[in-house]
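Subject: A structure for you to look at

Hello,

Please have a look at it first, and then read on.

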Amino acid sequence: GMPAAVLEAGERELCRTADLVFTTSRHLTETRRRWNPRTHYFANVADYDHFHRACDPATPVPRDLQAIPAPRIGFVGAISGYKVDFGLLRTVAEARPHWSLVLIGAVGEGDPWTDPSVLRGVPNIHLLGPRDYRDLPGYLKGMDVAILPNTRNEYTRSMFPMKFFEYLAAGRPVVAVALEALEEFAHVARLADSPQAFIDGIEEALRGEAPPLEARLAVARQYTYAARNRKMMALVEAARQDRTGQLQTGKEGGR
């Protein structure tokens, strides 16, 4: 329902006229670099201190989550058909009826055509709806495994899931669909290329066979807003100095 051609033309023009372009996935970097060679990749990041509260013994697990039987397999984010694989979620829930799949987020956010009916009537799928940002560490604390059940399509090929580093900062073992953007982080998460591999990854995490906690936290500490902004601003400053130098050279040449 969006004017895709108009948006693409506008984006192309913007990229070509910009001094710098920042992207949040390597695929976007490759494609946008055709329009502007000064295109740089920066993954999405997380508020490490906020989500690391899930590791604090004093952080309470919300009562509505406590009421759901463990083990709890959790997802936090927009529950929208263009990026969440509802069929995968149902397959996992039906294959392991003793697991509780807990989904936190608004259904259909950004996608009014989302049809969640495939998730209805499955007793171990729990749609809790959206929760306040300040409470999310407590919800993540109460989850045994955090998942990214994304569908694989052109959209998800061009995105970096924002929840990935939030999950890591919260100390949760992560099982994700093998998205292109996550390939470089396979050492701290289980990336699955099939429903069975997704289930196997969750089982491994429940057995305590996930990558070491400190390794997960170490990666999360590298991908914060402060760290990313420092790197971005260094590029901005370099571009500013380069532009200033070009202007001065042009003036001198004019003389």
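Below is what I found in it, starting with the whole chain and then going place by place.

**The whole protein**

Please keep in mind that this is a predicted model. The protein has 255 residues, of which 45% count as buried. Its secondary structure comes to eleven helices and eight strands, and the C-alpha trace spans about 80 × 40 × 30 Å along its principal axes. Among the contacts with a separation of 6 or more, 73% are between residues 24 or more positions apart.

Is α1 mostly covered or in the open? The number of its 14 residues that are buried is one, so α1 lies largely in the open.

Further along you will come to α9, residues 195-206. Its twelve residues reach 17 Å from the first C-alpha to the last, close to the 16 Å expected at 1.5 Å a residue. Here the buried residues are Ala197, Phe198, Ile199, Gly201, Ile202 and Ala205. What covers them includes three strands you can pick out by number, β6 (145-148), β7 (174-177) and β8 (190-192), and also β3 (72-76) and the helix α5 (86-95). After α9 comes glycine 208, with a positive phi near 85°.

**How α5 and α9 meet**

The pairing of α9 with α5 deserves a view of its own. The crossing is right-handed. On the α5 side the contact is made by Leu88, Thr91, Val92 and Ala95, and on the α9 side by Pro195, Phe198, Ile199 and Ile202. These residues divide into seven nonpolar, one polar and no charged.

**Some places in the loops**

Several loop residues are worth a visit too. Proline 71 sits in the loop between α4 (63-66) and β3. The peptide bond that joins alanine 70 to proline 71 is cis, with omega about 0°.

Aspartate 111 is in the loop between β4 (100-104) and β5 (125-129). Its relative accessibility is 11%, so aspartate 111 counts as buried. Which residues does aspartate 111 contact, leaving aside its neighbours within four places in sequence? They are Ser80, Gly81 and Tyr82. From aspartate 111 to glycine 81 is 30 residues in sequence and 6.9 Å in space, C-alpha to C-alpha.

Methionine 143 belongs to the loop between α6 (136-141) and β6. With 1% relative accessibility, methionine 143 counts as buried. Leaving aside neighbours within four places in sequence, its contacts include Leu65, Arg72, Gly74, Phe75 and Val76, as well as Val102, Ile104 and Arg172. Methionine 143 and leucine 206 are 63 residues apart in sequence, and their C-alpha atoms are 11 Å apart in space.

Finally, serine 158 is found in the loop between α7 (154-157) and α8 (163-169). Is serine 158 buried or exposed? Buried means under 20% relative accessible area, and at 18% relative accessibility serine 158 counts as buried. Apart from its neighbours within four places in sequence, serine 158 is in contact with Ser25, His27 and Leu28.

Happy browsing, and do write back with any questions.

Best wishes

How values were computed
Residues are numbered from 1 along each chain as its sequence is written. This is a predicted model: local features need pLDDT of at least 70, side-chain atom pairs count only at pLDDT 80 or more; totals for chains, interfaces and linings use all residues. Side-chain values use heavy atoms; hydrogens and water are left out. Helices (H or I, at least four residues) and strands (E, at least two) are DSSP runs, numbered from the N terminus. The expected span of a helix is 1.5 Å times one less than its number of residues. Buried means under 20% relative accessible area, exposed over 50%, partly exposed in between (1.4 Å probe, protein chains only). Contact means heavy atoms within 4.5 Å. A crossing is left-handed if the near helix is turned anticlockwise from the far one by less than a right angle, and right-handed if clockwise. Ala, Val, Leu, Ile, Met, Phe, Trp, Tyr, Cys and Pro count as nonpolar, Asp, Glu, Lys and Arg as charged, and the others, Gly among them, as polar.
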